[in-house]
Amino acid sequence: MALDFSQIIPALPGLADGMALTLKLLVMAVGGGVVLGTLLALARLSDNALLSRLAKWYVNYFRSIPLLLVISWFYLVVPMVLSWITGDLTPVGAFTSCLVAFVMFEAAYFSEIVRAGIQSISRGQINAAYALGMTYSQAMRLVILPQAFRKMMPLLLQQSIILFQDTSLVYAVGLMDFLNTARSKGDVVGLPHEFLLFAGAVYFVISFGASQCVKRLQKRLAV
Amino acid sequence: MNYHWDWGIFFKSTGVGSEIYLNWFVSGLGWTIAVALAGWIIALALGSVLGVMRTLPGKLLPAIATAYVELFRNVPLLVQLFIWYFLVPDLLPTPLEMWFKQGISPATSAYLSVVVCLGLFTAARVCEQVRTGIQALPRGQNNAALAMGFSTAQTYRFVLLPQAFRIIIPPLTSEFLNIFKNSSVASLIGLMELLAQTKQVAEFSANIFEAFTLATLIYFVLNMSLMGFMSWVEKRVRIPGMMGGSK
């Protein structure tokens with residue numbers, strides 16, 4: 001089988017659009033996932049038993065089902081729920097439902113990282129913050145979380161690299177991300193193998209490069 | 001919008017033969033388990049070999065294992081699956097290609113692709129765990145074995161691996177659970193495993209909520225029972241006197 005990669009060059013602008021969608025989804029999902037994950041971690045560590053248990057259930061629930069199931073769930077369910085709330089059929093694009101699915105799913109994973117990060121900060125820090133007259137939210141915001149995030153930055157980035165690869169699963173609902181664009185472009189010109197290999201190579205270069213950077217960062221941050 | 005709730009849907013006829021919807025879930029679960037277990041055997045065998053290679057002295061073997069891990073960890077699972085399902089068959093020798101494309105049923109060819117894909121994908125992760133397990137052992141274990149006149153093979157066989165595998169049971173458990181979850185990608189190449197069956201039930205019956213709720217429940221229970229099973233295994237093989245071993 002002879003491979004012909006020449007057709008990829010004219011397709012590059014289209015592929016770049018696909019990559020833009022992938023990256024947009026990634027950045028928004030990481031942002032939302034970290035925020036929700038941090039809230040979950042705070043809930044999990046709170047003195048309120050009910051709140052703590054709810055957060056635990058949430059994490060266990062999302063960690064025991066496949067991401068693809070969550071994506072399919074939200075693709076079908078988010079529009080329905082929205083139409084119940086607003087009363088009329090609001091069209092929600094595949095992008096929004098995928099984004100919601102990723103944020104909810106990844107929050108479970110991010111929250112475990114954040115929780116470990118918070119727990120790695122010594123108790124003296126929060127006691128000192130209280131002694132200075134700070135409230136709980138001030139102590140968390142100004143003292144604990146900045147230190148915790150610094151410590152867990154490598155893990156958060158590593159998880160984001162995994163998420164970058166997982167965004168390709170939006171193929172299931174037909175969203176034109178990088179992989180899906182490459183597949184459809186490849187089919188159009190009759191060179192599916194070349195485009196698939198090219199897509200794989202691009203994913204590899206980005207993931208590998210990013211994880212090497214994370215490794216270096218980890219060494220620099222190491223105490 | 002009117003949604004017609006019906007939790008009894010699972011016991012209603014699908015209209016295909018004499019099957020009820022529950023039969024579809026059961027058959028889907030069967031495929032999911034068949035994919036995951038076969039993939040796990042490949043992953044465990046290959047991952048162990050690669051993990052050992054990464055800890056061996058010399059340059060070449062560790063380098064090969066490292067390259068394998070980097071390659072399989074940095075390409076998305078779905079891309080790997082498409083490569084195994086769409087691309088690799090075209091690279092096979094003609095008789096084998098014809099057999100794959102025409103000699104076997106579409107379900108079998110999809111099954112083979114998914115099993116190979118998940119097996120090799122998970123092997124990279126198992127390799128890292130095995131390597132970590134071996135490296136976590138005190139150096140003295142290796143040195144003592146060599147001083148006793150063990151060959152390298154004997155050292156691994158009798159001293160290092162039996163201990164390393166016990167240490168890594170918890171992380172291996174999560175890889176074992178992951179392979180069950182990851183097997184859902186098989187639905188994207190048309191294998192009727194649990195997720196694909198769920199979608200089909202949702203389409204046929206229009207009872208989307210009920211179908212997906214049951215699927216979620218099945219995955220949840222499967223996950224919990226596997227976790228329970230693995231912690232039972234962990235307790236059985238625990239070394240007395242080690243951390244967590246003393247009761």
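Two residues are in contact here if their C-beta atoms, placed from the backbone, lie within 7 Å. The model is predicted, and that cut-off applies at each packing stop on the tour.

**Stop 1: helices α6 and α8 of chain A**

Select residues 136-166 of chain A for helix α6 and residues 192-221 of chain A for helix α8. Their axes lie 9 Å apart, and the packing angle is about 175°. Because angles over 145 degrees count as roughly antiparallel, α6(A) and α8(A) are roughly antiparallel to each other.

Now show the side chains where the two helices meet. On α6(A), pick Arg150(A), Met153(A), Pro154(A), Leu157(A), Gln158(A), Ile161(A), Phe164(A) and Gln165(A). On α8(A), the partners are Tyr203(A), Ile206(A), Ser207(A), Ala210(A), Ser211(A), Val214(A), Leu217(A), Gln218(A) and Leu221(A). Colour this contact by class and it comes out as 11 nonpolar, 5 polar and 1 charged residues.

**Stop 2: helices α1 and α7 of chain A**

Next, select residues 8-45 of chain A, which form helix α1, together with residues 178-189 of chain A, which form helix α7. The axes of these helices are 7 Å apart and the angle between them is about 155°, which means that α1(A) is roughly antiparallel to α7(A). The crossing of α1(A) past α7(A) is right-handed.

From α1(A), the contact takes Ala11(A), Gly14(A), Leu15(A), Asp17(A), Gly18(A), Met19(A) and Thr22(A). From α7(A), Phe178(A), Asn180(A), Thr181(A), Ala182(A) and Lys185(A) take part. Sorted by class, the residues of this contact are 5 nonpolar, 5 polar and 2 charged.

**Stop 3: chain A as a whole**

Zoom out to chain A. This chain holds 8 helices and 0 strands. The C-alpha trace of chain A spans about 70 × 50 × 25 Å along its principal axes.

Colour chain A by confidence. The average pLDDT is 91, and 97% of the residues score at least 70. Confidence in chain A is highest in α1(A), with a mean of 95, and lowest in helix α3 (residues 67-86) of chain A, with a mean of 84.

**Stop 4: where chain A touches chain B**

How many residues of chain A are in contact with chain B? Select the side of chain A that touches chain B: 29 residues of chain A contact 28 residues of chain B. Both α3 and α8 of chain A supply at least two residues each to this side. The largest share, 9 residues, comes from α8(A). By class, this side of chain A has 21 nonpolar residues, 8 polar and no charged. For the complex, the predictor gives an ipTM of 0.90 and a pTM of 0.90.

**Stop 5: chain B and its record**

Move to chain B, where the average pLDDT is 90 and 96% of the residues score at least 70. Among the elements of chain B, helix α2 (residues 60-73) has the highest mean pLDDT, 96, and helix α4 (residues 94-103) the lowest, 88.

An unreviewed UniProt entry lists residues 29-230 of chain B as "domain: ABC transmembrane type-1". Select that span: 85% is helix and 0% strand, and its end C-alpha atoms lie 20 Å apart.

The unreviewed entry in UniProt also places "transmembrane region" at residues 20-50, 71-88, 108-127 and 208-233 of chain B. Residues 20-50 of chain B are 97% helix and 0% strand, with end C-alpha atoms 45 Å apart. For residues 71-88 of chain B, the end C-alpha atoms lie 17 Å apart, and the span is 83% helix and 0% strand.

Methods:
Residues are numbered from 1 along each chain as its sequence is written. Chains are lettered from A and ligands numbered from 1 in the order in which they are written. This is a predicted model: local features need pLDDT of at least 70, side-chain atom pairs count only at pLDDT 80 or more; totals for chains, interfaces and linings use all residues. Axes are lines fitted to C-alpha atoms, for helices over the stretch in contact, and angles run from 0 to 180 degrees between N-to-C directions. Helices (H or I, at least four residues) and strands (E, at least two) are DSSP runs, numbered from the N terminus. Angles under 35 degrees count as roughly parallel, over 145 as roughly antiparallel, 65 to 115 as roughly perpendicular and the rest as oblique. A crossing is left-handed if the near helix is turned anticlockwise from the far one by less than a right angle, and right-handed if clockwise. Ala, Val, Leu, Ile, Met, Phe, Trp, Tyr, Cys and Pro count as nonpolar, Asp, Glu, Lys and Arg as charged, and the others, Gly among them, as polar. pLDDT is the predictor's confidence in each residue, from 0 to 100. UniProt positions are given in the numbering used here, feature names are shortened, and annotations may be inferred rather than shown by experiment.
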